[in-house]
Amino acid sequence: MSANKLELQDITRSYDGVNVVDGLSLTLAAGEVTCLLGPSGCGKSTTLRIAAGVDWQTTGSVLIDGRVASDDAGHMPPEERNIGLMFQDFALFPHLNVEGNVGFGLKGSRTDKKARVADLLHKVDLDGYGHKYPHQLSGGEQQRVALARALAPKPQVMLMDEPFSGLDDRLRDDVRDATMEILKAENTAVLMVTHEPEEAMRMADRIALMRNGKIVQAGAPYNMYNAPVDKQAAGFFSDINVIEGAVTNALTETPFGQFLTPGMVDGTQVEIIIRPQHLKLDFDRNGQGPSPTVADGVPACGKVKRARYLGHQSLVEFVMDYDGSILKVLVTGVFLPKIETTMWLSMRRDRCFWFVK
Ligand code: ADP
Ligand code: MG
């Protein structure tokens with residue numbers, strides 16, 4: 001038994017001379033859910049297929065439960081890897097009923113198999129569905145059958161490729177939460193591919209953010225959101241506002257005042273990044289102009305360009321007086337100021353990131 005259930009070591013996969021996975025390393029422990037997150041085409045599915053053994057890396061090794069499943073010397077076939085697989089389309093066998101689907105990969109006596117199938121159908125809340133066929137089930141029910149089938153042989157590692165994208169939005173949250181509970185109860189190591197940051201934030205213990213075949217950052221959802229490695233990583237999780245400035249004496253001058261940017265030589269162009277919910281409307285200042293002592297730096301003035309109500313928040317876009325750039329502000333509740341209203345904005349400085357341009 002190994003602490004790490006899945007280890008991808010320096011995996012590279014090239015198609016026609018292009019590395020679609022490029023020196024990727026990743027480890028997963030039992031009971032841990034890691035989401036491989038990234039834009040379409042960045043190499044997520046290829047990575048998952050290599051872990052599953054349905055595709056082979058050009059170089060690098062795959063270890064499952066401490067044993068080499070694939071390296072330069074050879075490749076273990078998928079059915080010997082002790083993994084569970086779940087894909088977007090669920091891929092249930094149409095000619096088998098629910099029991100047949102769930103029990104498909106199971107070995108052992110008829111009684112044992114029947115007991116395991118019944119146990120799983122109970123876990124996924126499908127008691128009494130054993131004799132139905134896939135076409136008689138809703139999308140959510142099919143998803144749960146696919147989950148039960150993948151879990152049936154008690155895999156050490158569960159590999160899931162966008163497993164919820166076929167479900168409609170309202171159903172999805174419930175199905176996701178139920179799936180997570182079951183996976184945690186089975187203590188399976190889970191590698192799940194998604195291109196949706198909200199889904200990764202919701203489900204993952206750890207997120208591995210991919211770009212161009214590489215993992216650019218990995219960590220707990222909180223750290224990924226609040227300590228991004230670069231502007232693109234920040235922008236992958238939400239809209240961002242960018243405020244530019246130049247460094248003088250380790251300070252970056254911006255329309256919102258000076259920012260400490262230690263270690264930067266004079267003249268360096270810096271981008272200060274802030275998410276829309278961390279810009280504040282400075283109601284005290286409205287109509288009065290900036291005050292000389294402001295905890296959040298200097299407020300800057302802009303005019304409302306557009307205001308939209310999104311449900312629990314309102315999104316207000318401003319054209320800033322200082323250079324005509326657009327800043328987006330998320331305000332809790334209903335806030336729909338008239339177009340062209342002049343307002344003062346300030347920044348939550350503890351929520352800014354800065355990067356060299
Ligand atoms: P993702 O799942 O992140 O959207 P994929 O891993 O499916 O991305 O694909 C990554 C890149 O590899 C894409 O540019 C895709 O076109 C390419 N690719 C995937 N499979 C093949 C293949 N069998 N032959 C050639 N190129 C492929
Ligand atoms: Mg994919």
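One salt bridge is counted between domain 1 and domain 2 in this predicted model. Its partners are the side chains of Glu271 and Lys231, with 3.2 Å from N to O.

Five residue pairs are in polar contact across the interface of domain 1 and domain 2, with both residues at pLDDT 80 or more. On the side of domain 1 that touches domain 2, helix 7 and helix 8 each supply at least two residues. By class, that side has five nonpolar, one polar and two charged residues.

| Element | Residues |
|---|---|
| Helix 7 | 221-226 |
| Helix 8 | 231-237 |

Now the domains themselves. The assignment places domain 1 at 4-236 and domain 2 at 241-356. Eight residues from domain 1 and eight residues from domain 2 make the contact. The centres of domain 1 and domain 2, taken over C-alpha atoms, are 40 Å apart.

Next, the area. The accessible area lost when parts come together is often used to give the size of an interface. Between domain 1 and domain 2, about 710 Å² is buried. Carbon and sulfur atoms give 53% of that area. Within domain 1, the residues that lose the most area to domain 2 are Tyr225, Lys231 and Ala234. Together they account for 67% of what the domain 1 side buries. Lys231 is also the residue that meets Glu271 in the salt bridge.

Technical notes: Residues are numbered from 1 along each chain as its sequence is written. Chains are lettered from A and ligands numbered from 1 in the order in which they are written. This is a predicted model: local features need pLDDT of at least 70, side-chain atom pairs count only at pLDDT 80 or more; totals for chains, interfaces and linings use all residues. Side-chain values use heavy atoms; hydrogens and water are left out. Domain bounds come from an automatic or database domain assignment. Contact means heavy atoms within 4.5 Å. Buried area is the accessible area (1.4 Å probe) that two parts lose on being put together, summed over both. A salt bridge is a side-chain nitrogen of Lys or Arg within 4 Å of a carboxyl oxygen of Asp or Glu. A polar contact is a pair of N or O atoms within 3.5 Å; within protein, one must be able to donate a hydrogen and the other to accept it, and residues adjacent in sequence count only if both atoms are side-chain atoms. Helices (H or I, at least four residues) and strands (E, at least two) are DSSP runs, numbered from the N terminus. Ala, Val, Leu, Ile, Met, Phe, Trp, Tyr, Cys and Pro count as nonpolar, Asp, Glu, Lys and Arg as charged, and the others, Gly among them, as polar.
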